[in-house]
Amino acid sequence: MRHIGRMNAQYDILIVGGGLNGPALALALAQGGAKVAVIDARAPQTRASAGFDGRAYAIAAASQRLLAAIGVWPALVGHAQPMLQIKTTDGVVGRGPAPFFMTFDHAELGAGPMGYMVEDRHVYAGFLAAMQGQENITLTSGHSVAAQDVQAGCATVTLQDGQVLTAKLIVGADGRTSGVAQRAGITRWGWDYGQTALVTAIHHERAHNGIAHQYFLPSGPLAILPLAGGHHSSIVWSEKSAIAAQIQALDDAGYLAALRPRFGDFLGEIALAGARFTYPLNLTVAKNFIAPRVALIGDAAHGVHPIAGQGLNLGLRDVAALAEVLIEGARLGLDIGAPSVLARYEQWRRFDTTIMALGMDGVNKLFSNDNPILRGLRDLGMGAIAAAPSLRRAFIGKAAGVAGEGLPRLLRGERV
Ligand SMILES: Cc1cc2nc3c(=O)[nH]c(=O)nc-3n(C[C@H](O)[C@H](O)[C@H](O)COP(=O)(O)OP(=O)(O)OC[C@H]3O[C@@H](n4cnc5c(N)ncnc54)[C@H](O)[C@@H]3O)c2cc1C
């Protein structure tokens with residue numbers, strides 16, 4: 001990996017955003033021989049060296065294959081908790097957890113764990129280490145992109161300090177409020193959920209045995225996600241925003257007292273084990289994923305509800321599809337910023353993304369209320385799935401990311 005030191009530097013692809021999807025795409029493209037610059041406003045070391053804070057990702061089986069193919073997985077495997085079961089419950093606060101309605105077990109798929117839980121600090125450090133081993137990647141950290149321009153045959157970005165970088169294509173991996181999308185004139189659709197996610201980590205007395213839990217509570221879903229070691233779990237607890245603000249303002253004892261009746265006692269005594277974060281939740285999807293010499297990936301293309309822990313997994317699907325389209329295009333001698341090349345990427349990803357975004361939106365709306373008619377319908381639906389092994393296997397395949405036609409090569413664990 002190089003660090004920037006040249007004015008008017010020239011690349012094949014400029015990736016704006018060095019969160020998670022930007023580095024993943026850079027690694028896939030560099031493996032395919034492309035010369036890539038990743039520009040990120042944040043300094044990398046602050047995030048890579050952070051201590052345990054409980055933020056973690058559910059990495060689906062297909063995403064794990066991609067991480068292995070781009071050389072990041074060896075750094076993560078020692079920190080990863082395999083997810084062996086997902087139990088979903090339609091709960092009521094104060095009455096404790098209802099009997100489990102649906103259990104999804106990896107054994108039904110017969111292809112290893114459904115996914116892995118890995119803490120954010122390890123994922124990011126893994127990306128950084130892998131990028132450091134790549135000559136084809138230039139990382140430009142602590143620099144913001146201020147402007148972008150498209151000319152015949154190339155595109156440029158101008159950093160806030162005046163440096164200009166040129167390439168055939170700009171990729172926006174700059175998150176939910178993507179400046180790349182705005183500057184390219186791409187508008188968005190979506191809405192606020194009026195919910196905020198309270199995120200923290202807990203230590204629990206009993207071992208989690210690799211089981212993830214999702215409680216559908218009237219004010220929003222509560223996910224309990226197993227972390228490596230057996231006695232820590234990451235909590236993603238969605239509440240109506242006003243209630244979340246009150247809970248976040250409590251001291252640790254008050255916070256735990258609010259969590260306990262929602263959580264129940266199936267893991268024994270619980271204690272806070274990480275920092276406490278809040279994330280306001282909204283749905284924000286770009287109306288187009290491409291514009292002249294511009295493509296969007298990850299949250300820049302689609303910010304979704306965290307209800308099924310699919311945000312990063314959806315982004316890695318974009319990474320796999322775009323890397324394949326661009327590397328194949330370059331091998332055929334095509335201009336990788338040409339509309340016909342980019343259109344293939346958009347066709348591959350937009351439909352799947354819209355279905356997933358609306359699916360998570362629908363599940364959140366169906367479950368985040370206490371309407372007795374809807375509660376009856378939910379229980380009926382969950383009962384039907386519980387009784388039908390083929391339906392259950394389809395859900396497990398979808399959660400693992402291994403289902404579906406036309407899976408890009410990286411999601412099958414093959415390099416492009
Ligand atoms: C509460 C919560 C829980 C979640 N849990 C899960 C989960 O379990 N599993 C899962 O798959 N997903 C999960 N997600 C979703 C996941 O966090 C996101 O999908 C993912 O982090 C998006 O990564 P990204 O790289 O696309 O964008 P980001 O991580 O937002 O990165 C964008 C980057 O762009 C940079 N940037 C922005 N503007 C500029 C600029 N002008 N110049 C230079 N750089 C710029 C920023 O510095 C930033 O580093 C969760 C999300 C939330 C809110």
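Hi everyone, let me start with helix H3, where Ala61, Ala62, Ser63, Gln64, Arg65, Leu66, Leu67 and Ala69 are buried. By buried I mean that 20 or more other C-beta atoms, placed from the backbone, lie within 10 Å of the residue's own. Helices here are DSSP runs of H or I with at least four residues, strands are E runs of at least two, and both are numbered from the N terminus. H3 covers residues 61-69, and eight of its nine residues are buried, so the rest of the structure largely encloses this helix. Just after H3 comes Gly71, with a positive phi of about 85°.

A quick word on what we are looking at. This is a predicted model, in which local features need pLDDT of at least 70 and side-chain atom pairs count only at pLDDT 80 or more, while totals for chains, interfaces and linings use all residues. Residue numbers start from 1 along each chain as its sequence is written.

Now the overview. The protein has 12 helices and 23 strands, and 48% of its 416 residues count as buried. Take contacts, meaning C-beta atoms, placed from the backbone, within 7 Å of each other. Among those between residues at least 6 apart in sequence, 75% join residues at least 24 apart.

Of its 21 residues, 18 are buried, so H9 is largely enclosed by the rest of the structure. Its length checks out too: at 1.5 Å a residue, H9 should span 30 Å, and its end C-alpha atoms are 31 Å apart, which agrees. That expected span is 1.5 Å times one less than the number of residues. After H9 comes Gly333, with a positive phi near 80°.

H9 also takes us to the largest nonpolar core. This core has 110 residues, and Ile15, Leu25, Leu29 and Ala295 have the most contacts inside it. Such a core is a set of buried Ala, Val, Leu, Ile, Met, Phe, Trp, Tyr and Cys residues joined through C-beta atoms within 7 Å. H9 supplies the largest share of this core, 10 residues. Leaving aside neighbours within four places in sequence, Leu29 touches Ile13, Ala34, Val36, Ala323, Leu326 and Ile327.

Finally, the strands. S5 has both faces covered, with Ala56, Ala58 and Ala60 buried on one side and Tyr57 and Ile59 on the other. S5 pairs with S9 (residues 115-119) in the antiparallel sense over five bridges, and pairing takes at least two DSSP bridges. Within this pair, Ile59 stands opposite Tyr116.

Elsewhere, four strands form an open, mixed sheet in the order S2-S13-S12-S11. S2 (9-10) and S11 (145-151) are the edges, each with a single partner strand, so one side of each has no neighbour in the sheet. Thanks, everyone!

Definitions and conventions
A residue is buried if 20 or more other C-beta atoms lie within 10 Å of its own, exposed if 12 or fewer, and partly exposed in between; C-beta atoms are placed from the backbone. Two residues are in contact if their C-beta atoms, placed from the backbone, lie within 7 Å.
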